[in-house]
Amino acid sequence: MDAEPRTLKSVFQAAESKRIALEGVYEATSPTYREDFAQALELYRECIQIISKISLFSSNEGLEDIATSDLPYLLVNYRIAQLLLKVSTQSPQERKGVLNATRDAYEKFLHLLDNYSILSASDTKFFAKYNEDPNSFSTVAAADPAARRDAKIANFRAEKELKSKLEHMRSSPRYLEDGGDEEAVRELYLTDIAFCTHMTFQGLEGVNREMEILAQAPVPPVPQATSVQDDERRRREPYGNGGYSERLDAPLSTLGPNAKAPLLSKDGKPLRPFTLTSSRQELQRGVFRPGHNLPTMTIDEYLEEERRRGNIIEGGGEASMRQPEPDEDDMEKADAETMKAREWDEFKEANPRGSGNTLNRG
């Protein structure tokens with residue numbers, strides 16, 4: 001027995017649940033994240049198929065003809081575009097394909113809103129400007145840096161106001177989707193659409209900027225399948241059939257049968273070419289070393305070594321002016337100090353000040 005087809009409401013609610021769960025996850029490389037991401041994208045695409053199958057939206061209707069419960073389905077293409085921007089790619093070409101798919105989803109969302117005349121006056125001007133030149137569209141058209149700064153600030157403030165208004169409405173019981181006032185719920189949905197429209201133009205501008213960067217990326221080379229035989233042949237090509245080459249760093253395998261012969265004869269004459277280096281690996285390790293000598297010890301180790309050698313003079317300053325306190329119990333030292341002071345007094349009496357100066361006497 002075939003399973004019954006799911007309703008648009010159930011598929012949309014499942015997609016929204018997946019999307020909201022992904023917004024709080026930052027580990028984009030985990031297998032669980034990739035699986036949930038793919039499921040959310042597939043559910044939104046299934047919503048597109050159901051909407052097209054039941055002809056939910058028509059170009060002959062107006063905004064007042066759309067039921068309040070059907071307003072959230074206008075955002076399906078916008079949700080797909082927001083998810084596509086998070087797709088990880090491996091090459092610039094793959095990224096360009098993702099950006100083109102994102103642009104297509106954004107355009108479908110805007111065309112649907114334009115058919116129902118939901119776009120505001122400013123958004124209508126932006127949409128007309130985008131249709132004139134989609135690849136160079138920008139929400140900030142002024143060339144003056146100050147004017148561009150003011151326009152960016154205005155865009156940021158508009159986004160902040162819409163976001164705060166949505167948060168306030170969703171926290172109020174009056175705007176509850178189940179059991180709330182229908183007019184209030186309709187106002188909530190239209191405010192959400194206005195916020196998504198604002199973010200759509202920001203997203204289209206971001207797509208154009210990223211496409212400009214990708215246009216400057218170099219074209220990756222086409223990978224070619226090689227084999228071990230091809231690599232060996234390519235290594236031997238510079239030496240030709242005769243084994244001659246102008247390379248100075250020829251490998252030992254190209255020196256013929258004498259590659260393993262001794263370097264010097266018994267008389268000290270060289271028997272084959274050789275280089276005065278320790279090893280090729282050591283040279284490779286020294287390629288990216290700095291040109292100056294690296295330190296071999298820390299500053300503390302250096303000072304300790306200099307102190308050990310006696311190259312550091314210690315003392316001086318206030319510590320050198322401090323006299324040690326005399327030991328009153330050491331009588332021998334006290335007698336020595338007394339005799340030294342007495343001898344100094346006798347010397348001064350025998351040699352008065354100026355007695356040695358015989359040049360200035362009258």
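Start with everything selected and colour by burial: buried residues make up 25% of the 362 residues in the protein. Keep in mind that you are looking at a predicted model. In cartoon view you will find twelve helices and zero strands.

**Colour by confidence**

The average for the protein is 81, and 79% of the residues score at least 70.

**Into the core**

Next, turn to the largest nonpolar core, which has 53 residues. Select F57 and L74, the two that touch the most other members. Helices 1 to 7 are the elements that give two or more residues to this core, and the largest share, ten residues, comes from helix 7. In soluble globular proteins, nonpolar side chains tend to be buried together.

Stay on L74 and show its surroundings. Leaving out residues up to four places away in sequence, L74 touches F57, I66, F109, L112, L113, I118 and I193.

Select T102, in helix 4 (residues 92-115). Is T102 buried or exposed? T102 counts as buried because its relative accessible area is 0%, under the 20% cut-off. Beyond its neighbours within four places in sequence, T102 is in contact with A81, L84, L85 and V207.

Now move to T200, which sits in helix 7 (residues 182-215). T200 is buried too, with a relative accessible area of 0%. Not counting residues up to four places away in sequence, T200 touches Y78, Y106, F109 and L110. F109 is also among the residues that L74 touches. For a distance label, pick the C-alpha atoms of T200 and E107: 93 residues separate them in sequence, and 8.9 Å in space.

**Cysteines**

Select C47 and C196. C47 is buried, at 0% relative accessible area, and C196 counts as buried at 1%. How many disulfides does a search of the whole structure find? The search finds zero.

**Two loops with positive phi**

Most residues other than glycine have a negative phi, and most peptide bonds are trans. With that in mind, go to S55, in the loop between helix 2 and helix 3. The phi of S55 is near 55°, a positive value in a residue other than glycine. S55 counts as exposed because its relative accessibility is 54%, over the 50% cut-off.

Then select S117, in the loop between helix 4 and helix 5. Its phi is likewise positive, near 55°. S117 is exposed, with a relative accessible area of 61%.

**Last stop: helix 12**

Finish at helix 12 (residues 331-350), which has 20 residues. From its first C-alpha to its last, helix 12 reaches 29 Å, close to the 28 Å expected at 1.5 Å a residue. Zoom in on the start of helix 12, where a side-chain oxygen of D330 reaches to within 3.5 Å of the backbone nitrogen of K333.

Conventions:
Residues numbered from 1 in each chain as written. Predicted model: local features only at pLDDT ≥ 70, side-chain atom pairs only at ≥ 80, totals over all residues. Heavy atoms only, no water. Helix = DSSP H or I, 4+ residues; strand = E, 2+ residues; numbered from the N terminus. Buried < 20%, exposed > 50% of the residue type's maximum accessible area, 1.4 Å probe, protein only. Contact = heavy atoms within 4.5 Å. Expected span 1.5 Å × (residues − 1). Polar contact = N/O pair within 3.5 Å; in protein donor to acceptor, adjacent residues only side chain to side chain. Disulfide = S-S within 2.5 Å. pLDDT = per-residue confidence, 0-100. Core = buried A, V, L, I, M, F, W, Y, C linked by side-chain atoms within 4.5 Å.
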